[in-house]
Amino acid sequence: MSTVTYLDAIRVALADAMRDDERVFMLGEDIGHFGGPFGVTKGLSDEFGTDRVIDTPISEEGFVGAALGAAWMGERPIVELQFADFISTCFDPIVTVAAKTHWRSGIRFPVVIRAPFGGGVRGGPFHASCPEGWFVGTAGLKVVAAGTVEDAYGLLRSAVEDDDPVIYFEHKGLYRRLKGEQPAATTRTPIGRAAIAQSGTDATVVTYGAGVDLALRASGTLNDSIEIVNLRTLWPLDEPAILKSIEKTSRVLVLQEAARSIGAAGHVLSLVARHAFEVLDAPPALHAPVDTPVPFAPELEDAYLPSVDSTAAALRDLLEY
Amino acid sequence: MADETTATEPARTPEARGENAPPCVDATAVSRATRLELLRLCLLQRAIEDRTMNLYRQGRISGSYYTGRGQEAVGAAAGLALGPDDVVAPLNRELACHLARGVEVAHVFRIFLGRETGPTRGRDGNMHFGVPECGIFPLVSMLGDLCPVTVGAALAFKRRNEARVALTFWGDGGMCTGDVHEGLNLAGVLHVPAVFVIQNNHYAYSTPTEREMVNTDIASRITGGWSIPCERVDGTDALATYACVSAAVERARADEGPQAVEAVSLRIHGHAAHDDARYVPAELRADYEARDPILRLTERLRLDGVDEDTLQDLTEGVTNAVAEGLAEAESAPDPDPATLEDGVYAMPVQGAERT
Ligand SMILES: Cc1ncc(C[n+]2csc(CCOP(=O)(O)OP(=O)(O)O)c2C)c(N)n1
């Protein structure tokens with residue numbers, strides 16, 4: 001078994017998906033010979049041709065809409081956004097056309113929108129955002145975020161095989177930092193299913209994306225037994241998995257890199273308030289950045305983002321309540 | 001004159017309007033059968049819309065109601081210009097395009113009435129529907145959205161080497177959206193078999209075209225700006241429009257890249273049922289009333305030698321079809337609130353029950 005990065009796993013998943021199914025093709029800016037701004041699609045146009053790895057003009061609204069039209073005709077397009085931040089420019093085809101059409105007409109949109117999100121890369125307000133919260137809660141969309149190398153591969157394969165529009169958030173900070181075994185070509189991460197990244201009994205951390213690795217490292221600094229629920233799918237939420245863990249631990253910390261009032265946390269906390277109230281030994285806690293855009297300067301971004309230390313501190317507060 | 005043309009006017013037959021309309025051009029390539037079918041489609045759109053407007057006023061239709069009075073020829077022409085395997089994304093004014101693709105009259109009334117067996121099962125009303133079995137994408141209100149979607153459908157045909165075409169419409173108002181620019185640009189760069197029909201009806205809701213764009217010559221802008229061949233045609237002339245759109249469709253099919261047509265007309269009704277369109281100058285309206293597409297086509301058919309009995313039969317057939325379609329739709333079941341959440345997803349996540 002060879003070791004690959006999170007980024008490699010995404011690239012291999014794209015290649016495997018295209019090899020397995022003629023209907024899969026890609027649209028995006030600079031994804032052809034150049035390989036995309038992060039090199040995720042490097043080499044793919046050599047193998048699959050520029051008719052299948054299609055460089056587009058800077059027209060997010062145009063090519064997301066076009067992906068939907070192609071999907072209407074039975075294709076299975078994958079769209080790459082250069083940065084998740086730019087998803088605001090194609091909000092309408094996503095929340096209007098992609099989200100509402102099946103319910104209104106039965107037309108299926110097997111489209112994957114890849115959105116590189118997250119900070120720690122000194123990207124600032126326009127290149128480091130976590131905009132998943134705009135889509136979490138939107139009926140008709142599926143929203144996923146990989147926090148492990150295996151899920152980077154498995155979630156993408158599942159997303160491509162899914163008949164609904166899936167927004168696939170991939171974390172830029174994990175691209176080269178996270179390494180693991182190359183997932184087998186049969187690996188699929190079921191959409192709608194959370195995973196237990198670490199089992200424990202004293203408290204639950206519910207998190208996703210870069211939060212998974214962060215929670216693992218933070219819990220390693222404590223002597224307590226921490227269970228980590230890796231959401232993997234942010235919408236629709238795997239409600240039973242979240243509640244099951246909290247029933248076991250009676251304490252919950254929701255950890256996310258999106259600002260505290262957006263992201264997936266609000267939905268998780270609402271669920272906890274409604275359905276876990278009676279098993280809780282402490283108020284549900286939230287560890288997330290303040291409500292500002294992502295700042296640029298290292299001093300500011302480091303203060304903004306949850307760290308191993310700040311996450312461990314949040315856990316200690318929860319455990320001591 | 002003006003009071004006759006407000007949105008409250010009752011349905012009138014072409015005969016009641018005199019027979020002085022300028023006939024459609026004698027586009028020789030358009031067969032007599034096609035001419036008659038164009039007239040039938042225009043008459044059917046108008047009769048359905050007149051009937052529905054009455055239902056709306058009687059409070060039997062919820063929401064609002066939009067008609068395409070004065071623009072029927074464009075939807076009819078484009079609908080007939082497409083082949084059976086082509087696809088289309090119509091907007092509000094193009095009911096005749098749906099009818100040309102084989103959508104049943106009863107199905108149209110089922111959407112207006114919000115019935116369970118209608119195209120959206122009551123989830124949407126008005127002209128906000130499509131019929132996938134007939135290759136029709138459901139209208140999305142956000143103007144401009146359907147342009148890129150159509151480009152994508154055409155891209156699928158190109159990828160698979162299928163000689164199929166995807167067509168969509170938008171208005172002079174929709175012309176100002178960003179999606180239209182992105183879609184046109186993408187269509188050109190990808191060289192896809194898409195056809196764009198721009199319904200320039202002089203107004204976007206209450207705003208005249210001169211307030212929407214500095215250069216109102218949409219055809220020359222599309223030709224010169226996006227390098228997509230675009231011909232301007234008189235949208236009240238069903239035969240000229242049909243010839244023009246057919247040629248565009250066949251060029252697109254022959255791998256000549258995206259094509260466009262600007263069809264000029266006037267929306268004779270207001271934007272929707274609530275709007276009396278008093279912002280339209282009386283002379284402009286009178287000019288277009290005299291060039292009613294149904295009258296013009298009827299005159300052409302008379303010159304072609306079609307007898308009054310045939311024309312009368314056509315009108316009667318349409319009247320009957322509307323009565324039968326409405327009766328059928330009215331007897332259709334209402335949607336069941338228990339089904340509200342059905343179909344949010346094509347592949348619902350199993351077991352993750354919502355609470
Ligand atoms: C993006 C967007 N903004 C506003 C509206 C509301 N609206 C619906 S139709 C319309 C006017 C459209 O004018 P035009 O495109 O010329 O088409 P017409 O109504 O004349 O057929 C407006 C403003 C909308 N549907 N979509």
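B:Ser64 touches B:Tyr56, B:Asn126, B:Ala272, B:Ala273 and B:His274, leaving aside residues up to four places away in sequence; contact means heavy atoms within 4.5 Å. The model is predicted: local features need pLDDT of at least 70, side-chain atom pairs count only at pLDDT 80 or more, and totals for chains, interfaces and linings use all residues. Residues are numbered from 1 along each chain as its sequence is written, chains are lettered from A in the order in which they are written, and side-chain values use heavy atoms, without hydrogens and water.

B:Ser64 lies in the loop between α1 (32-57) and α2 (72-81) of chain B. Helices are DSSP runs of H or I, at least four residues, and strands are runs of E, at least two, numbered from the N terminus. B:Ser64 counts as buried because its relative accessibility is 17%, where buried means under 20% relative accessible area (1.4 Å probe, protein chains only).

Chain B has a mean pLDDT of 93, pLDDT being the predictor's confidence in each residue, from 0 to 100. Over residues 1-11 of chain B, pLDDT stays under 50. Where pLDDT is low, the predicted coordinates should not be read in detail.

The contact between the chains takes 55 residues from chain A and 47 residues from chain B. A:Trp72, A:Trp103 and A:Arg104 supply 21% of the area that chain A buries against chain B, more than any other three residues. Buried area is the accessible area (1.4 Å probe) lost by two parts on being put together, summed over both. Three salt bridges are counted between chain A and chain B. B:Arg159 and A:Glu75 meet in a salt bridge through their side chains (2.7 Å, N to O). The criterion is a side-chain nitrogen of Lys or Arg within 4 Å of a carboxyl oxygen of Asp or Glu.

Notes: Buried < 20%, exposed > 50% of the residue type's maximum accessible area, 1.4 Å probe, protein only.
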